[in-house]
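Subject: Structure for your review

Dear colleague,

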Amino acid sequence: MFEDIRDEVKKRVTPKRYIHILGVEEEAVELARQTGSNENKVRVSALLHDVAKSMTIEELEKICRENFSDELTEDDIKITPILHGFAGVVIAKDIFKIKDQEILDGIKYHTIGKKGLSLVGRIIYIADAIEKNRDYPGVEELREITHRDIDEGIISEIDHKEEYLKKTGGKSHRN
């Protein structure tokens, strides 16, 4: 099953993105083992978290308007870096027949997080930020913090992300 998912995802994303996805899978499985989370759910969510990343902004906006009007405002849709997670849920359901809410939430909220997110979702959120191919100031420290305490790592990553958005003039999602 995992090989089938990998093969289909590889067709849908750039080679660089695919390497990142495999890095997230590896990191997420390691964190699942450390925390006692369900490895299969974590693996599927990790493999699908960026499945929509190579779609055009217009395609992402259309999917989000059609499927998430109750959750995403027009202001939210203007935060284009978050849209691929939502669109990824539609692909996960339609193409991969995923029904498990923890897996779907891991895909949907991997960029913005969400209060009350399950351990599976929290693992995908932080694994996306610290997988081995990520290289930015502070990532090594963030990896160390996360492997000591996943929730402390998530809080540190949120602080880092908010600081980055302030510096770059980006907009933070309300989650």
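A salt bridge is counted here when a side-chain nitrogen of Lys or Arg lies within 4 Å of a carboxyl oxygen of Asp or Glu. By that criterion, E3, R6, E25 and R43 are joined in a network of salt bridges. Please bear in mind that this is a predicted model. A search of the whole structure returned 18 salt bridges, and three further pairs are described below.

R17 and D50 form a salt bridge whose closest N and O atoms are 2.9 Å apart. This pair connects distant parts of the chain, 33 residues apart: R17 belongs to helix 2 (residues 15–35), while D50 sits in the loop between helix 3 (39–48) and helix 4 (57–67). D50 is buried, with a relative accessible area of 1%, whereas R17 is partly exposed at 21%.

E140 and R143 also form a salt bridge, with 2.7 Å between the closest N and O atoms. Both residues lie in helix 9 (residues 139–148); because they are three residues apart there, about one helical turn separates them. E140 is exposed, with a relative accessible area of 52%. R143, at 14% relative accessibility, counts as buried, because the cut-off for that class is under 20%.

Finally, the side chains of R33 and E39 meet in a salt bridge with an N to O distance of 3.1 Å. R33 is exposed, at 56% relative accessibility, and E39 is partly exposed, at 30%.

Yours sincerely

Note on methods: Residues numbered from 1 in each chain as written. Predicted model: local features only at pLDDT ≥ 70, side-chain atom pairs only at ≥ 80, totals over all residues. Heavy atoms only, no water. Helix = DSSP H or I, 4+ residues; strand = E, 2+ residues; numbered from the N terminus. Buried < 20%, exposed > 50% of the residue type's maximum accessible area, 1.4 Å probe, protein only.
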